[in-house]
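Work through the exercises below on aromatic rings. Try each task before reading its solution.

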Amino acid sequence: LAACGEKMPPETTPPMTEATETSAATILTEELPPVKEPTLYKLSFIGAGDNMAYYGNVRDAKKNAEGTNLVYDFRPSYTDIKTVIADYDLRFINQETLMCGDGYDLSYYPRFNSPQELGDAVVDTGFNVVGLANNHMLDKGAKGYINTIAYFNTLPVTMIGGYTKSDYDNIRVLECKGVKLAFLSYTTLVNSGHAGDLPASSEYIIPYANEADIRRQVALAKECADVVIASFHWGTEDAFNATAEQTKYAKLCADLGVDVVLGHHSHVVGNVEFLTGESGSKTLVAYSLGNFCGTMLNIRNNVGLMLEFDIVKDADGIITVENAVVEPTVSHYKTDTSKTDRQGLAVRYDSRVYLLRDYTEALANEHGAHNWDKFTFADMKKLVTDHVNAEFLPDFLK
């Protein structure tokens, strides 16, 4: 090549014959990179597990609000997560505790009612899809459930899991980057001995998981959306492995062509896998995302997962779920053994959600769960690597 401003030397290459033309063409064809069909749309999804407010979480929020015009401020607990999920188009969280509003006392385990400011913090953190179907949804009776639905309907989020009978089959659909996504939500249980089930006369409904409803609603979802995502509150608390019931519903979803299943309730991390349906389609199933925020006593209940994946639509209109990976989280808190809470346990405070990748040995050593459970930082990582298939682990855990 000539330098800038210089003339190129005269052409000295001999003229091509037919044979040399063919040879050159062959060489050029071999060296060209393969042509890829352009991706028309690609949107990103991140889903978090159970968001719960115990006495320590509410105590923190009360202290955070001092000197402001707020009564409670839960936002500092989510500071480290807010910047992470901002990069995703769709951001789901499972809201485990009710937010009944005026006329209801705040309460904690085993019957939860949280300040509505917790929901404000969920929105401020950036979550835009919120699931309410869980075993605590009737902790304050029918009215508490109805009030919680009404509150979330005032927020700029897509709320799933709380329905009236008349709109139960009105599938919640979000359109993002030219792709329509339908969201379904079910629970396999509501705690007995709390407030019982809804009265038969109620206009509201609990979205219990059953095959007839799932089949009907998946069919409706496929009529109006390109992608179907289903949230299930299922399984057994503290159980890492899927139950027969979870396996049954996961297979049903795969056979019906559901694209993604998000699981909750066990309060520990569960496995992630792709299931192949009857038609050959693939369904991404996360059996349990564990806890996102809370102050449960054992470390197994304070390591959770966020599930990340991309939804890709190619030039032929084919949509696939790709790049699935978990982002483990830690629900961190400290304990003050000189004070006790309403259950007579050491006061838990300074609650905050961290990414496991940003967590440290020093933080692990000061985690308040040491008051009840002995563990190391390596044990926290092992909770994830022991129970999540290696193909879905982030690089730092491989």
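The model is predicted, so local features need pLDDT of at least 70 and side-chain atom pairs pLDDT 80 or more, while totals for chains, interfaces and linings use all residues. Residues are numbered from 1 along each chain as its sequence is written, and side-chain values use heavy atoms, without hydrogens and water.

**Exercise 1.** Classify the pair Phe 232 and Trp 234.

Step 1. Rings of Phe, Tyr and Trp (its six-membered ring) pair if their centres lie within 6.5 Å; planes under 30 degrees apart are stacked, over 60 edge-to-face, and the rest tilted.
Step 2. The centres of Phe 232 and Trp 234 are 4.9 Å apart and the planes 25 degrees, so the pair is stacked.
Step 3. Phe 232 has a relative accessible area of 0%, and Trp 234 also has 0%. Buried means under 20% (exposed is over 50%, partly exposed in between; 1.4 Å probe, protein chains only), so both residues are buried.

**Exercise 2.** Classify the pair Tyr 359 and Phe 377.

Step 1. The ring centres of Tyr 359 and Phe 377 lie 5.9 Å apart, with planes at 55 degrees.
Step 2. The pair is therefore tilted.
Step 3. Tyr 359 and Phe 377 are both buried.

**Exercise 3.** Which ring does Lys 248 lie over?

Step 1. A charge sits over a ring if NZ of Lys or CZ of Arg is within 6 Å of the ring centre and within 35 degrees of the ring normal.
Step 2. Lys 248 lies over the face of Tyr 249, at 4.5 Å from the ring centre.
Step 3. Tyr 249 belongs to an aromatic cluster with Tyr 186, Phe 232, Trp 234 and Tyr 287.
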